[in-house]
Amino acid sequence: MDREWMSKPRASVEYKHGVEEFLSFAYRDVPLGEKILCPCVNCAKKARESYDEVKTHLRCDGIVQDYTRWVFHGEECDAPSDAFAHISENNRNFAFPGNPMNNVVHDGHKRMDDMLGLVNAVYGTTFSNSFETVSSPSDGAQSEFANMEPDVADSLNAPYEKGDGKRESFLQDANIKLHNGCEAFSRLSFLVTIYHLKVLHGWSQESFTDLLGVLSKALPQEAKLPKKYHEAKKIIRGLGLEYEKIHACPQDCMLFRGERANQQSCHVCGTSRWLTDNDGEGPILSKKNRKIPAKVLRYFPLIPRLQRLFSTTKTSDDMRWHDEGRTKDKFLRHPADGGCWKDLDDRYPKFAEDPRNVRLGLGSDGFNPFRNMSSKHSTWPVMLIPYNLPPWICMKQTSFILSMIIPGPHSPGNDIDIYLQLLVDELQQLWKGVDTYDFSSKENFPLKAALLWTLNDFPALAYLYGWTTSGQYACPSCAAFTKSRWLNNGKKWCFMGHRRWLPKDHLYRRSAMEFDKTEETDLAPETMTGSSALNMSHGRVFVLGKKIKVATEGKGKKRGKNVKNGKANGEDQKRKRNVTKKKSSTPSNRDKKKPEDWFKKKPIFFEFPYWKHNKLRHNLDVMHIEKMCVTI
């Protein structure tokens, strides 16, 4: 049924006929007296209205533009996109665009697992049912994170050897029934299904191992199921996207990678990379008599994950939606309609030529993974958002790209740049271009990517930006032009000057008694640009890493003798407490700081050649702004 009438003017004849067609379709199996979901702009499929009300709403308000498949009014949905979906009692032939489908029909039952499409997405090639290669693109970028952690990478099972033998094994198991008489699963699809259930429902490794043991005994031997969780994980690992384990300094000074991969201690603070006993003399050993790392970063390489988006027709087409499917008018519906996106395209026209080039957003914040608010633990995941996708897809959880997991128990603070260096290196490589195969056009192209901005709350902004978000110059936009006042009774900073953004002749500018007893005559300051921020941090030396706290002599629980003066530590402590004066918290007793002193580091994002020109480098998430507005 033609849906072009939905975008026509509401007064046009085509739109009126289209409304009649919709109502006829929606009420074909519904009595006229019943109410249906109204798809008008105001109701948005949330309210039920009668026939006449729906007709009036559609004529006056218009229909929701993205409601092109009328699933709430009886139209059937597309086939599920899960690789192991099972369709029973269905003789229709569904197909995934761009992916070959492995159909097995037996007594009216059809299995649609699309394992060949999954292997196609992994290896970047298209296979027919006879295992013949239709196209073979380049192998893509290789992992640059080898030898990050000793003894981490384990070889796969014997049937899944590296190279072509591994691929052929996957293809063979994708076409072989789980056992004779089983039409619902192949060997590969069954293993993927139960492993997927394990992840969805949070099964422990022990419970999954027990389940595999029971299934191995219950099913015929020809099923060839793995007996343990680790064996299944090694097989699934060949189909998915791996991550890298990289040892980190417990004080967040460095990562043990590259030339420093085999170091036993941090070259900045001297802390051991291994967990040590209470005396600090020797490392703690695991049950397998191996050293236990003190801190391990989980890093998920970005390049293969972006390349995976172009390995199927569906996702490859969606990655061009911002250029081909977006409504281009004066309304802001997508980041591509904003000034930051357009400014980047105007400044780098070669980057904007290919709509497949990716624009990313970065979000990060700390959370307690143990669900125990009494314990202070902060783990920091770093997420990436591909904004090329349509807005109803890019902000879904399944579209987010997990970049890394920075372990706790403490937040990295300003030292988060130590961990972000891995991501920045890949983004630098993507800015130059990485050879990638596009399944839609059946050709290779240089995939490029750029980071538009970050998403975070106000405390996390201080870590990513490097600007101190507390004190006299807490506003990172106004910087030196921040108007603040110290409250002697409240012992806090109060930020004024918000009337500067009002028009010159506004009444509130002259209202002194209603505010701080002063009239506002200043104009709104210009937002600090990336170039000015870079100049403020130019020439300054910043050392990342947390200082090790060392107990001073004469303090602590131990009461030994002070060798220097021969007096007991307890006596020294009492004498010091008597003569110590209480420090005042007023700003007059604090060190006078200049606005440029509010930079605690040079943000690592300035390594990008385009970052200093970005109009919008950092964003505050809507949730915290909404809470602040509700509080006010």
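**Close-up views of a predicted model**

**View 1. Helix H11 against strands S10 and S15.** Helix H11 (residues 339-347) lies across S10 and S15 and runs at about 155 degrees to S15; contact means heavy atoms within 4.5 Å, and angles run from 0 to 180 degrees between N-to-C directions, with axes fitted to C-alpha atoms, for helices over the stretch in contact. Helices (H or I, at least four residues) and strands (E, at least two) are DSSP runs numbered from the N terminus. The model is predicted: local features need pLDDT of at least 70, side-chain atom pairs count only at pLDDT 80 or more, and totals for chains, interfaces and linings use all residues. Residues are numbered from 1 along each chain as its sequence is written, and side-chain values use heavy atoms, without hydrogens and water.

**View 2. The pairing of S10 with S15.** Strand S10 (residues 358-364) and strand S15 (residues 449-456) pair in the parallel sense over 6 bridges; pairing requires at least two DSSP bridges. Leu-360 stands opposite Leu-451 in S15.

**View 3. The open sheet.** Seven strands follow the order S8-S9-S12-S11-S10-S15-S18, with mixed pairing. Strands S8 (244-247) and S18 (618-620) stand at the edges, each with a single partner strand, so one side of each lacks a neighbour in the sheet.

**View 4. Helices H6 and H7.** H6 (residues 205-218) and H7 (residues 229-237) pack at about 90 degrees, with their axes 8 Å apart. They are therefore roughly perpendicular (65 to 115 degrees). Gln-205, Phe-208, Thr-209 and Leu-212 in H6 meet Tyr-229, His-230 and Ala-232 in H7.

Definitions and conventions:
Angles under 35 degrees count as roughly parallel, over 145 as roughly antiparallel, 65 to 115 as roughly perpendicular and the rest as oblique.
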